[in-house]
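Work through the exercises below with the sequence and the model in view. Each task is followed by a solution in steps.

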Amino acid sequence: MEPREVLAIDQIDLSDIQFWLRPLEEREGAFRLLRREQPLPFFDEPKVPAELSLVIPQGPGYRAVTRHADIAEVSRHPEIYQSGKGATSLPDIPEELLEYVGSLVNTDNPRHAELRRIVSAAFNPRMTKALENRIEFVANEIIDRVAEQGSCDFVVDIASQLPLQTICDMMGISPADRSTVLFVSNVIAGSGNAIVDASDPEYVPADSDPLVFLMEACNQLTILMSELAEVRRKNPTDDLTSALVNTNIDGESLSAAEVASFFILLVVAGNVTTRNAITHGLLALTHHRDQRALWQADPDRISATGVDEIVRWGSPIIWMRRTVAEDAVLRGEELHPGDKLLLFYSSANRDEEVFENPYTFDVRRSPNPHLGFGAAGAHFCLGAHLARQEIAVIFRELFQRLPDIAACGEPDRLRSTFVNGIKHLDCDFTPVRVT
C-alpha cells in the first residue's frame, strides 16, 4: 500500500467524518504529510448536536499527536497527560457513561494503580495457562463450523468468534448470553463517540440518539455482570469474575459495578480490537502472498514477529485521548491545563523515523516497537499477551486446516473515527470434511 498525498495541509480535518470515509491510501497520505510538516496540528472539535448539548459541552479543540516519539513522551507522564476526563471520547461525556465504558482506561492514579493491581493479581499464571489451552480448543471449534462450506464471512464467522468466546469463557458468561455481548460490542464500536454523523448505521440505528442507544446497550452488560459478580462473590468458581470479586489487595477489592465496568472495557479492548486485528491480518496476508508463504513455511519462527506486524499494520484503535493537567511543552508547543491531545497510534505505527519501509507489510519485521497496544506506561494494554496468543493460534490453525483461505472482494469498513474496524469480509477456501 502506497499512501497518496491528495490533500494540502489546510484541507486536512481529522474532525470531519468525511475525512475518515476517504480511501485508506489518502488518509495515510494525509498523516504522512502531517508527520513531515505539522506533527502536532490543532483541530476544532466536531459540533455537538443540539439534542446532546445539555449533557455534552462543546469542546475547545485538540492537538493531534502524530509522531511516535511524542506519543511515547506523553505516555511516560500520566501525571501530566491524564485520562480521567475520558480516554476514549473526544467530547467530555458524563461521568456515569465513563464508568460504563471502562473505568480502568478512564482513570488516573492513585485509583488507576489500585484497579490495575487488583486486575493484574486476578490474571495469575494458572488463569493465564488455562486461557491459552482454551484458545486452541475454541479456535478449532470455530474452524469446524465453517470448514465444509468453502466460504464464509470471515469477520462474522471466524474473527469475531474467537475473542468473543474467549472473553465469555474467561468471565464465566453463559453461552446463552453471548449474543448480547456481541450486540453490545458492535454498538460500542459503532457509536462514534456520541457524535451522530460518526455512528455506523448497521450497529446504531440512524433514527436513534447514539448516546442514549450506547448507554442502554452498555446497561445490558452492567446488569448481566453485576448479577454474575454477586453470585461469584458468594459461590466462586475458577473463572475471572470470581477472581476479580474475591481478590483483595491492601484492603481494596472491586465492587460488582467495577467488575461490570471492567467487563465492558474487555468487550472493547479484548474483543473489538482483537477481531479487527485478525481480520486485517487475513486481508494483509491475502494481498501479500510472499509474506504469507514465509509464515506458512516456518510458523514457529515467524509467528511472534508476524503477529506484531499484523497489529502494527491494522492498528485497530486509531487514537486515545489525554487531557493536560499542568503547563507543559511538547515538540516546542506550549500546553496548558485543560488542553486535549489525541494520540494517533495509527500514525505513529507508520512513522518513518521509527520504522524502515513503514508501508511494507513484513512478517519478519524486527525490531517492531509498534503502539498497537498503546505506548509503554501506566495505560499499556493489560491484555496484550492474551491478544497475541489469540492472533497466533487462529492463524496457526487456519494455515494448517484451511491452508488456502483468502479474502475475496472488498472489506466492508466500519464507519468510525476511533476503531479501524472491518464489519464484513468475504473469504473462500477449499472445503475440508470435518470428522
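**Exercise 1.** Determine whether the crossing of α8 and α9 is left-handed or right-handed, and describe how the two helices pack.

Solution.
- In this predicted model, the crossing of α8 and α9 is right-handed.
- Helix α8 covers residues 161–171 and helix α9 covers residues 178–190. Their axes lie 10 Å apart, and the packing angle is about 120 degrees.
- Because of that angle, α8 is oblique to α9; the roughly perpendicular range is 65 to 115 degrees, and roughly antiparallel means over 145.

**Exercise 2.** Which residues of α8 and α9 meet, and how do they divide by class?

Solution.
- From α8 come Leu-164, Gln-165, Cys-168 and Asp-169.
- Their partners in α9 are Arg-178, Val-181 and Leu-182.
- Sorted by class, this contact has four nonpolar residues, one polar residue and two charged residues.

**Exercise 3.** Describe the largest pocket: its space, its lining and the helices that contribute to the lining.

Solution.
- Start with the space: the largest pocket holds about 540 Å³.
- Next, count the lining, which has 25 residues. Nearest the centre of the pocket are Met-1, Leu-24, Glu-28, Trp-313 and Arg-413.
- Then sort the lining by class: ten residues are nonpolar, nine are polar and six are charged.
- Finally, assign helices. At least two lining residues each come from α2 (24–37), α12 (256–287), α14 (299–314) and α15 (345–348). The largest share belongs to α2, with five residues.

Notes. Residues are numbered from 1 along each chain as its sequence is written. This is a predicted model: local features need pLDDT of at least 70, side-chain atom pairs count only at pLDDT 80 or more; totals for chains, interfaces and linings use all residues. Side-chain values use heavy atoms; hydrogens and water are left out. On a 1 Å grid over the protein atoms alone, a cavity is a set of points where a 1.4 Å probe fits but cannot get out, and a pocket is an open set with protein on both sides within 12 Å along at least five of seven lines; lining residues have an atom within 4 Å of a point. Grid points are joined across faces, edges and corners, and a volume is the space filled by probe spheres set on the points. Helices (H or I, at least four residues) and strands (E, at least two) are DSSP runs, numbered from the N terminus. Ala, Val, Leu, Ile, Met, Phe, Trp, Tyr, Cys and Pro count as nonpolar, Asp, Glu, Lys and Arg as charged, and the others, Gly among them, as polar. Axes are lines fitted to C-alpha atoms, for helices over the stretch in contact, and angles run from 0 to 180 degrees between N-to-C directions. Angles under 35 degrees count as roughly parallel, over 145 as roughly antiparallel, 65 to 115 as roughly perpendicular and the rest as oblique. A crossing is left-handed if the near helix is turned anticlockwise from the far one by less than a right angle, and right-handed if clockwise. Contact means heavy atoms within 4.5 Å.
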